[in-house]
Amino acid sequence: MSHLRALSPLEVRVLGVLSEKQRTVPDSYPLTLNSLVSGCNQKTSRNPIMEASEAGAQGALDSLRALSLVTESSGGRAYRYAHNLDGVLKIPSQSIVLLTVLMLRGPQTAGELRIASERMHDFADISSVEAFLEELAARAAGALVRKLPRLPGARESRWTHLLAGEPTDLELVPRSEVGAGDVSLGELTALKGQVARLEADLADVKALLGRVCSEVGISESS
């Protein structure tokens with residue numbers, strides 16, 4: 001990828017939403033935390049479907065701010081947030097649009113990307129999309145996208161972003177091929193979030209227990 005660390009699924013979603021809304025609803029941009037959470041949890045134009053909480057989104061914003069990928073400003077009664085993808089990645093706006101679609105919708109063919117990008121940028125043709133993708137893949141500072149192996153029976157290869165690191169096997173399977181009995185990417189993301197929250201709660205409990213034991217002069221192992 002680049003010098004950036006691999007982003008979490010929620011960090012990727014937050015960046016994608018900020019970039020999308022900048023172009024599709026400019027009058028509401030930068031976004032409030034509430035608007036950002038709504039964008040993260042949209043049921044359309046999103047893969048996987050998420051159920052991000054305000055606390056989770058705020059945590060993602062804070063970590064992205066530390067990477068200079070997000071900026072915060074005060075406006076009215078609420079803080080507002082904007083992305084800084086162009087400033088950090090130093091890539092054309094057309095490339096940011098393609099990355100945005102990949103962040104929000106998962107692996108896509110060049111044709112799918114052109115259609116999904118229409119509200120943000122009108123690419124002249126599929127060749128134009130492919131040219132920007134090739135530039136992102138050959139980027140000197142580190143590839144930001146990768147062309148995936150063509151699936152059996154598929155006419156076109158799909159592309160995926162690398163902001164979250166290497167794609168997993170499950171992410172390489174088209175959404176239409178995931179059976180009803182399989183665990184969806186959204187469910188996996190939700191489960192990972194629940195585990196992270198439980199681990200954080202456990203750490204808080206352990207810390208509290210340590211303080212209590214210290215105050216009363218007993219060992220935690222007693």
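View 1. A salt bridge here is a side-chain nitrogen of Lys or Arg within 4 Å of a carboxyl oxygen of Asp or Glu. In the Glu 20 to Lys 21 pair, the closest N and O atoms sit 3.6 Å apart. Glu 20 is buried at 12% relative accessible area, and Lys 21 is buried too, at 16%. (Buried means under 20% relative accessible area, exposed over 50%, partly exposed in between, with a 1.4 Å probe and protein chains only.) This is a predicted model, where local features need pLDDT of at least 70, side-chain atom pairs count only at pLDDT 80 or more, and totals for chains, interfaces and linings use all residues. Residues are numbered from 1 along each chain as its sequence is written, and side-chain values use heavy atoms, leaving out hydrogens and water.

**View 2. Arg 65 pairs with Asp 62 and with Glu 72.** The closest N and O atoms are 4.0 Å apart for Asp 62 and 3.5 Å for Glu 72. Arg 65 and Asp 62 are 3 residues apart in helix α3 (residues 54-66), so about one helical turn separates them. Helices are DSSP runs (H or I, at least four residues), numbered from the N terminus. Arg 65 is partly exposed at 37%, and Glu 72 is partly exposed at 32%. The whole structure has 6 salt bridges.

**View 3. Leu 208, Val 212, Val 216 and Ile 218 make a nonpolar surface patch of about 350 Å².** Patch residues have over 30% relative accessible area and no salt bridge, with nonpolar side chains (Val, Leu, Ile, Met, Phe, Trp, Tyr) joined within 5 Å and like charges within 9 Å. Areas come from the Shrake-Rupley method with a 1.4 Å probe, and for residues only the protein chains shown count as cover. Ile 218 lies in the segment after α8 (185-216) and is partly exposed at 48%.

Conventions. Helices (H or I, at least four residues) and strands (E, at least two) are DSSP runs, numbered from the N terminus.
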